[in-house]
Amino acid sequence: MLRKLISIVLALTLLSCSVVAAAAGEKELISAPSGVLMEASTGKILYEKNSHEQRPCASITKVMTLLLVFEAMDSGKLKLGDTITASEHASSMGGSDIWLETGEKMSADDMIKATVVASANDAAVALAEHISGSEDAFVAQMNERASQLGMKETVFKNCNGLDEDGHVTSAYDVAVMSRELMKHKKIFDYTSIWLDTLRGGETQIVNTNKLLKTYKGITGLKTGTTDDAGCCISATAERDGMSLIGVVLGADTGKQRFADAAALLNYGFANYALKELKLPEDLPDEIAVEGGMKKTAKLNCEINGGVVVNRASADEVQYDIALPDSLEAPVLEGEKAGSVIYKIGGDTKSFDVVSTEEVEKTSFGLVFGRLFHSLLAL
């Protein structure tokens with residue numbers, strides 16, 4: 001009995017040590033104080049370390065600035081060929097810049113290029129003022145957009161990320177806004193530039209994201225460094241149809257920042273894959289209609305995207321078709337009839353099954369009218 005008790009105690013001790021070691025090993029994935037790894041198409045978090053801790057983020061701020069810039073282009077408020085004039089305020093920015101002179105004119109395209117590639121603080125402010133009239137008005141829009149995206153740990157005080165009291169975000173929020181910016185595919189035309197020039201070749205700019213030269217599949221996105229924030233990065237990469245966002249905040253050095261970002265991305269690509277979803281073969285193409293001018297209504301379900309699967313897991317994607325036996329007339333075109341629900345592990349993803357046609361409710365007038373028109377056609 002005593003021997004059995006000792007065996008149990010030893011087993012529990014070893015298990016406890018294993019758990020602690022595993023936890024410690026997981027934390028060692030990055031040395032920076034805060035970070036997160038997100039799969040871009042689904043928003044699924046694959047790894048996190050103090051991901052909701054509020055911290056300054058330096059020029060990672062420009063991810064939100066660029067998001068508003070691209071949304072302004074979508075709405076027609078800004079065009080790449082527009083001429084932007086640098087104000088005295090814009091030209092007064094310190095830190096990383098392209099040395100804009102007050103009154104200097106440059107195309108929106110070049111201002112965006114300078115903001116993305118050279119992380120130019122002056123160019124970011126010039127874009128903000130052109131879109132909203134002032135940096136303050138633009139920053140108010142930044143905070144409003146952050147709220148819309150559910151970025152609960154973020155408060156912007158400027159549009160370029162220079163250190164300012166109360167200007168904070170979190171690794172998770174950075175991943176959220178990075179994911180939103182990535183929906184604008186044009187951004188990758190800029191983030192993939194390594195070396196370029198402005199002012200007709202007079203000013204050379206080099207990308208601050210050194211992973212462009214060292215990491216397979218890297219696509220972007222933004223770096224940042226200040227005294228308060230340390231060295232930060234939101235790194236995006238794509239392999240085998242899966243796109244990842246690795247955020248690192250507060251690294252001690254630029255070298256550590258890039259090493260941590262690479263470690264996050266390596267971890268994601270090694271352990272996870274994106275499985276595309278397919279329409280179930282047994283999904284009915286029509287459904288019975290009660291009390292309608294037609295006995296059935298045609299159905300459709302648009303499946304898009306995929307689910308993240310663990311490469312080490314044997315879990316298969318399961319699905320349920322949730323449809324009633326019939327619908328009650330009237331049925332509208334586009335009306336939801338049910339759902340297709342996919343399950344993998346503890347995750348679920350649902351898509352609406354809708355009617356693709358209208359079915360009117362049976363009435364004496366409709367029946368008589370159709371009968372009358374049929375008789376006239378004889």
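## Exercises on a predicted fold

Ala58 counts as buried, because its relative accessibility is 1%. Buried means under 20% relative accessible area, exposed means over 50%, and partly exposed lies in between (1.4 Å probe, protein chains only). Areas come from the Shrake-Rupley method with a 1.4 Å probe, and for residues only the protein chains shown count as cover.

The model is predicted: local features need pLDDT of at least 70, side-chain atom pairs count only at pLDDT 80 or more, and totals for chains, interfaces and linings use all residues. Residues are numbered from 1 along each chain as its sequence is written, and side-chain values use heavy atoms, with hydrogens and water left out.

**Exercise 1. Backbone angles**

Task: Find where Ala58 sits and state its phi.

Solution. 
- Step 1. Ala58 is in the loop between strand 2 and helix 2. Helices (H or I, at least four residues) and strands (E, at least two) are DSSP runs, numbered from the N terminus.
- Step 2. Ala58 is not a glycine, yet its phi is positive, about 55 degrees.
- Step 3. Check the cover. Asn50 has a relative accessible area of 40%, so it is partly exposed.

**Exercise 2. Cis peptide bonds**

Task: Which residue does a cis peptide bond join to Gly220, and which to Ala329?

Solution. 
- Step 1. Gly220 is joined to Leu221, with omega about 20 degrees. Leu221 belongs to strand 7 (residues 218–226).
- Step 2. Ala329 is joined to Pro330, with omega about 0 degrees. Pro330 sits in the loop between strand 15 (326–328) and strand 16 (336–344).

**Exercise 3. Salt bridges**

Task: Which residue forms a salt bridge with Asp347, and which with Lys294?

Solution. 
- Step 1. Set the rule. A salt bridge is a side-chain nitrogen of Lys or Arg within 4 Å of a carboxyl oxygen of Asp or Glu. The count comes to twelve.
- Step 2. Asp347 pairs with Lys44, the closest N and O atoms being 2.6 Å apart. Asp347 is in strand 17 (residues 347–355) and Lys44 in the loop between strand 1 and strand 2, so the bridge ties together parts 303 residues apart in sequence.
- Step 3. Asp347 is partly exposed at 32%, and Lys44 is partly exposed at 26%.
- Step 4. Lys294 meets Glu357 at 2.6 Å, N to O. This pair ties together parts that are 63 residues apart in sequence, because Lys294 lies in the loop between strand 11 (286–290) and strand 12 (296–300) and Glu357 in the loop between strand 17 and helix 10 (364–376).
- Step 5. Glu357 is buried at 16%, whereas Lys294 is partly exposed at 36%.

**Exercise 4. A network**

Task: Which residues are linked with Glu180 in a network of salt bridges? Is Glu180 buried or exposed?

Solution. 
- Step 1. Glu71, Arg145 and Lys183 are linked with Glu180.
- Step 2. Take one pair. Glu180 and Lys183 bridge with closest N and O atoms 3.1 Å apart.
- Step 3. Glu180 is buried at 15%, but Lys183 is exposed at 52%.

**Exercise 5. A charged patch**

Task: Which residues gather in a patch of negative charge on the surface?

Solution. 
- Step 1. Patch residues have over 30% relative accessible area and no salt bridge; like charges are joined within 9 Å, and nonpolar side chains (Val, Leu, Ile, Met, Phe, Trp, Tyr) within 5 Å.
- Step 2. Assign charges. Lys and Arg count as positive, Asp and Glu as negative; His and the chain ends are not counted. Each charge is placed at NZ of Lys, CZ of Arg, CG of Asp or CD of Glu.
- Step 3. The patch gathers Asp163, Glu164, Asp165, Asp227 and Asp228.
- Step 4. Asp163 is in the loop between helix 6 (135–148) and helix 7 (171–182). Asp163 counts as partly exposed at 35%.
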